[in-house]
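Visitor: I would be grateful for a close look at a single part of this model. Please begin with one residue and then describe the elements that surround the discussion of it.

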Amino acid sequence: MPRLSDIPLDLLLFPTWLVPVEPAGVVLKGHGLGIRDGRIVLIAPRADALKHTANETRELDGMLLAPGLVNAHGHAAMTLFRGLADDLPLHRWLQGHIWPAESRWVDEDFVRCGTELAIAEQLKGGITCFSDMYFHPNVASELVHKHGMRAQITVPVLDFPVPGARDANEALRNGVALFDDLKHHPRITVAFGPHAPYSIANDQLESIRILVAEMDAGIHMHIHETALEVQEALRKHGERPLARLARLQLLGPRFQAVHMTQVTDEDLALLSEHNCSVIHCPESNLKLASGFCPVERLWEAGINVAVGTDGAASNNDLDLLGETRTAALLAKAVAGSATALDAHRALRMATLNGARALGIDDHTGSLEVGKFADLVAFDLSGLAQQPIYDPVSQLIYSTGKDAARHVWVGGKQLLEHSHLTRIDEQRVIANARQWGEKISSTDRN
C-alpha cells in the first residue's frame, strides 16, 4: 500500500501570501497549499511543499489566498428586485413595495433566475458559501447543487401565505421534506427561518423549536432589526423580542440572530448565555436607516459575529468584501475607537465566523488541513494596493470584489481568471433583464 504522502496531490498552489484565518492574525509567505479529493491536505513552506508530486502546480504571483468568503445572510432571488424600491424605511419598503411585488411575481421561475444571478455574482466576488432565506427553497437548493457552491438553505416561515406555502404549517412540512432530501448532501444544509418576531406566532415558534431539536438544524431569524420592532413588541407583549425567544427556548448555539441593531445589556447577556451567533448586515441597515449593530461590544462579550449582505433589494449588491469593509469602518464609529474590528478580525468575521454561525466551521471557513478546499485568490498587484505592508489590511481597506481571480469550492474551480467556469454569464444577464422589463412594465416606485 502506498503511503498517503506518496499519492500525488490534485493541485498545489503557491500564492504570494497565504492567510489561513486560523490561527488568528497569521500571514504566511513562501508557502504552498495542497489539495487532494476536495480537501486541504498540505500547508507547508515552499521547499517542503515541492517535495510532493502534484497533478497540477500553479503559481499565484501577487495574490492572497484566503478561505472563501461566507455570506451569512441573504435572499438570493431578490436580485431580481434590485433597485425596485430604493430610499425607503424598512416597513414602508416591505409592506408597500416588496411584499406586494413578491405576491405578484415570485414563482419557481423567478426564484430560479434570481438565485442563479445571485450565485454568479457571489462567486465573482470570492464568496464560496451563502445562507439563503427565500421562497421555493427547493429551487434554490437545485441551483446550489448544479453550480457547485456551498449553502445553507433556510426555509422561510410566516403566519400568512407566501409563494410556495399557504401557511406556516405547509412551510414547515416542506422544510422537513427538504431537510430529509438533503441531509447527506456534502455542500448544502437546511435551516428553518421564522421570518421575524412580528410575523410569526408563539405556537409556530414552538413547532420550530421541536423540529430543530429533533433534527439539529439551525434557526435563522431577523430580530431586533429596528427600534420600532422592539417598541411594538414591548407595547403588545410587554417584553423585548429576544427575551420572548429566550422564554420560548429558541435561543442556543444554532440560533442565528440577523441584524441585532438594538442591543441592551440584557440582550447581550442572553446572546452570550445561549451562545448565539449574530449576523451583521451593515449596508442594508444603513440604507434602510435601521440602526447600528454594536459589533465591538458583541465581540468583546465573546459572541460570534458574522457578516451578511442581506438581499440585493436593500443593499443593492452581494459584495461581501465591500460589506466587510463597511462593517470594519462602522464598528470603529459606533465604538468610538479606531482599534475596533481591525482588518484581520474583519476577515475572520467574513470567513470562519460565518461558517461557525451556519454550523459548518468544522468543514470550511479557514485554511486548515482536513477542511474542504473552499478558497479564493485575490489579486493584490494593482495600483490601489501598493505598497503592501499588511496584505490583509490592503484586502479589507483597499481592494474591491473585482480582484477575486480564482475560486474553488471543495477543490472544484468555479472561477478562473475572473471567469465563471460553470455558468454562462451573458445568459444570466439576459434572463435578468427580461425579468426586469416585465416587472418594470407594471411596478413603479
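**A leucine and its setting**

Guide: L245 is found in helix α8 (residues 241-247). Helices here are DSSP runs of H or I with at least four residues, strands are DSSP runs of E with at least two, and both are numbered from the N terminus. The model is a predicted one, in which local features need pLDDT of at least 70 and side-chain atom pairs count only at pLDDT 80 or more, while totals for chains, interfaces and linings use all residues. Residues are numbered from 1 along each chain as its sequence is written, and side-chain values use heavy atoms, with hydrogens and water left out.

The relative accessibility of L245 is 0%, and therefore this residue counts as buried. Buried means under 20% relative accessible area, exposed means over 50%, and partly exposed lies in between, for a 1.4 Å probe and protein chains only. Setting aside residues up to four places away in sequence, L245 touches L205, M221, I223, L250, L251 and F255; contact means heavy atoms within 4.5 Å. One of these, L205, lies 40 residues from L245 in sequence, yet the C-alpha atoms of the two are 8.5 Å apart in space.

Another of the residues that L245 touches, F255, belongs to strand β11 and stands opposite I219. Five of the five residues of β11 (residues 255-259) are buried, so this strand is largely enclosed by the rest of the structure. Strand β10 (residues 219-223) pairs with β11 in the parallel sense, over five bridges; two strands pair if DSSP finds at least two bridges between them. Strand β12 (residues 277-280) also runs parallel to β11, and three bridges join them. Here Q256 has S277 of β12 as its bridge partner. Between β11 and β12 the chain passes through helix α9 (residues 265-273), and this β-α-β crossover is right-handed. That term applies if, with the strands pointing away from the viewer, the path from the first strand over the helix to the second runs clockwise.

A pair of helices comes next. Two packed helices are described by the angle between their axes and the distance between the axes. For helix α5 (residues 168-182) and helix α6 (residues 202-215), the axes come within 11 Å and cross at roughly 10 degrees. Such axes are lines fitted to C-alpha atoms, for helices over the stretch in contact, and angles run from 0 to 180 degrees between N-to-C directions. The two helices are therefore roughly parallel to each other, since angles under 35 degrees count as roughly parallel, over 145 as roughly antiparallel, 65 to 115 as roughly perpendicular and the rest as oblique. From α5, the residues A168, N169, L172, V176 and F179 meet Q204, S207, I208, L211 and M215 of α6. By class, this contact has seven nonpolar, three polar and no charged residues. Ala, Val, Leu, Ile, Met, Phe, Trp, Tyr, Cys and Pro count as nonpolar, Asp, Glu, Lys and Arg as charged, and the others, Gly among them, as polar.

In strand β3 (residues 31-36), six of the six residues are buried. H31, L33 and I35 point one way from β3, while G32, G34 and R36 point the other way. Strand β1 (residues 11-18) pairs with β3 in the antiparallel sense over three bridges, with L13 opposite L33. Strand β4 (residues 39-45) is also antiparallel to β3, joined by six bridges, and there L33 has I43 as its partner.
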